[in-house]
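Please look at the sequence and structure first.

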Amino acid sequence: MKIVACNSNRPLAEAVAAALGLPLTSASIRRFADMEVFVEINENVRGEDVFVVQSTSYPANDNLMELLITLDALRRASARRVTAVIPYFGYARQDRKSGSRTPISAKLVANLITAAGAHRVLTMDLHAAQIQGFFDIPVDNLFAAPLFTRDIQERYRGRELMVVSPDVGGVVRARALAARLHTDLAIIDKRRPRAGVSEVMNVIGEVDGRHCILIDDIVDSGGTLCNAAEALIKNGANGVSVYVTHGVFSGGAVARVGASPIENMTVTDSILATEAVRISSNIRQITIAPLMAEAVRRISDESSVSSLFN
């Protein structure tokens, strides 16, 4: 097999390649003066099983175009099979019509990736599981829950834990983590009484005296998680930690998390950390490289990937 790294998260691609004992395939991905993307594969890939590693994070459109053009270059270079390894799938939050005359952009991006030449997709913690059905090619959606479970067991051994979903939409994800940890589950019920009135955060579940673990797939502005942490503390929780798969951290999110009651926020390296994230006192990263590498190996070997979910 061959591993090709685009520019959005090269350290992760290097870590995946190192875990597989392979060098990265030599490729030139650069810009013309007008910022057009140009891709040139500098090695023979004819008949090879090629994996392209690229998160479509900020700047989302530039990184998406890099991925599409790289896929096209590999298809035209006669690669036997091309797998798009997309640790963070951008546009995933636009998975339905949110109002009249609005797009379903996740479906459009799925069509673009397929048309560009991908034979299959490997990703992690899609915002909505049904996005797998937007593709007409196989999709392997890995979960960070096994990594989070091991980390929580090591860091919070001896504490009385409670897993908390920050909103109703994340209950399935939180319930799965609670089952792995053999703990109880609480839910934050977020509602706005009327337009212009701040949201009320109601806690469903008994969190008094418990160390709460908030779990989510994406942290963007950080407002929901910070407000949820405040609500849990007000309801008697003796501490709040957060586990999130994709650290988008747009705007002033890092400063907002730093000023919140959150004791510690753990994110994966599916998105390359900014300098603000790296120096933050209460944000840490754990790597998904071994998990992604094992999934790549199994796809190449035509062996089971589903056992990695356990």
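On a 1 Å grid over the protein atoms alone, a pocket is an open set of points where a 1.4 Å probe fits, with protein on both sides within 12 Å along at least five of seven lines, and lining residues have an atom within 4 Å of a point. A volume is the space filled by probe spheres set on the points, which are joined across faces, edges and corners. The model is predicted: local features need pLDDT of at least 70, side-chain atom pairs count only at pLDDT 80 or more, and totals for chains, interfaces and linings use all residues. Residues are numbered from 1 along each chain as its sequence is written, and side-chain values use heavy atoms, without hydrogens and water.

**Largest pocket**
- The largest pocket has a volume of about 910 Å³.
- Its lining has 38 residues, and His127, Gly169, Arg173, Asp216 and Asp217 lie nearest the centre.
- Because domain 1 (2-142) and domain 2 (145-287) both give residues to the lining, the largest pocket lies between them; the domain bounds come from an automatic or database domain assignment.

**Second largest pocket**
- The second largest pocket holds about 540 Å³ of space.
- Of its 27 lining residues, Ser57, Tyr58, Tyr88, Val248 and Ile271 are the closest to its centre.
- Domain 1 and domain 2 each supply at least three residues of this lining.

**Strand pairing**
- Strands S8 (residues 161-165) and S9 (residues 184-191) pair in the parallel sense over four bridges; pairing requires at least two DSSP bridges, and strands are DSSP runs (E, at least two residues) numbered from the N terminus.
- Methionine 162 has aspartate 184 in S9 as its bridge partner.
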